[in-house]
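Please open the model in your viewer and keep the sequence panel beside it. The stops below each tell you what to select next and then describe what is there.

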Amino acid sequence: MSHDATLLKDKSTEIGTIPSDWDVKPISELFEVTAGGDWDRMNSSRYEQGPYRYPIYANALRNDGVQGYCKYWKIPGESLTITGRGDVGKAVYRPRPFVPIVRLLALVPRNSSAKFYAEYINSKVSFALESTGVPQLTAPQVKPLLVPVPPVEEQYAIANALTQVDSLVTALERLIVKKEAIRDGMMQQLLTGKTRLEGFSGEWLSLHVASKSTLRARIGWQGLTTSEYKTTGHFRLVGGTEFFDGSVDWGRTPFVDQWRYEQDAGIQVREGDVLLTKDGTIGKTAYVDHLPGPATLNSGVFVIRPTRNAYDSRFLYYVLRSRAFEEFLSRLTAGSTISHLYQRDLVGLVINAPATLEEQAAIASALGDADSEIRALRLQLSKTKSLKRGMTQELLSGRTRLANQDGSPDRQKEHQS
């Protein structure tokens, strides 16, 4: 795959502007397209166990969505499938031989990269479907679809580049799940005293949360209407819908007028506050570790503050995220359709806590470090997914070209504006 970047020019086609050395063809010239159809019970057998491990797919969207296994395969590996009903139009690369059934379209490449076209279909194609009845996609609808045709070696190079980013995404997702499990295990051990941090000993105490706290919320006559919400301003309004990952997502909070903020000093948000939802999805928590500016509470949220340093507020925040508080809510709502948490409901909340604020703070700090690591991984995951989207748009359109096999820049050209 060798190009002189100075000689490359773009060309206009039926599907838009593409590099001059790319072509445009219908899917039917690049793939043999067949429909899954019904399971052949007369001439085949389905195996859940044993040595016959050719997977059977129906409308499964991923390689782990197996409907069973078969002794014989119908479609070779290095193919792709397109969902014909359900999540219509979703393409999945299939590296192994398989059997498609029901409304699953199988595309066997003639001399093309199935992985490249799975990426292209998912990011660039929106199939036109009938507006009446159950939406479904058929082989005759797919075959005439026009798609770009880069040189075959470039198709594979693009597919491999995108696969590398996909692998990083998958690795980060698995690592996050692992770190969350470790964090949850730490919470169960540290918040119950089963494991003590180094340097701490002594008895734990029963702490009656309601009697040791100030609990406030926006009361009925102070209720706001949505017409009062503003997209810009100086005084923020915090509700449960802005809770994300145990914090307030300040970028999503609406604003209100100053008089609404000053209406009740008791619900003006402070650093170190513990927030708890009492309406809708009850029991969501957030810890206010910083304030970007003045903020007040919307209806549906409690603020909980310790009286006279009765406990470490961040320790309480983690208790409210723990299994113990989930069990407390379960007992509270057992046999009912409760969708509101009243202040009186918290009267019965008693937690176990170290006798010293120092140990409470140390436990909260250890769990906070675990949370910070997870947040950093989630940020890295978000950036990686954004990178994948950008690469997909650039590479699948030919705006960015990959390096030559000899390592020289094969791209370095972009569409003329």
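In this tour, buried means under 20% relative accessible area, exposed means over 50%, and partly exposed lies in between, with a 1.4 Å probe and protein chains only. The model is predicted, so local features need pLDDT of at least 70 and side-chain atom pairs count only at pLDDT 80 or more, whereas totals for chains, interfaces and linings use all residues. Residues are numbered from 1 along each chain as its sequence is written, and side-chain values use heavy atoms, with hydrogens and water left out.

**Salt bridges**

Select Asp245 and Arg378, whose side chains meet in a salt bridge of 2.5 Å, N to O (a side-chain nitrogen of Lys or Arg within 4 Å of a carboxyl oxygen of Asp or Glu). Aspartate 245 lies in the loop between strand 16 (243-244) and strand 17 (247-248) and arginine 378 in helix 8, so the pair ties together parts that are 133 residues apart in sequence; helices (H or I, at least four residues) and strands (E, at least two) are DSSP runs, numbered from the N terminus. Aspartate 245 is partly exposed at 23% relative accessible area, and arginine 378 is partly exposed at 26%.

Next, select Glu154 and Arg401, which form a salt bridge with an N to O distance of 2.6 Å. Glutamate 154 belongs to helix 4 and arginine 401 to the segment after helix 8 (357-397), so this pair ties together parts that are 247 residues apart in sequence. Glutamate 154 is buried, at 1% relative accessibility, and arginine 401 is buried as well, at 3%.

**Strand 14**

Move to residues 213-216, strand 14, where Ser213 and Leu215 make up the covered face and Thr214 and Arg216 the uncovered one. In a regular strand the side chains alternate between the two faces of the sheet. Within strand 22, arginine 305 is the bridge partner of threonine 214.

Methods: Pairing = 2+ DSSP bridges.
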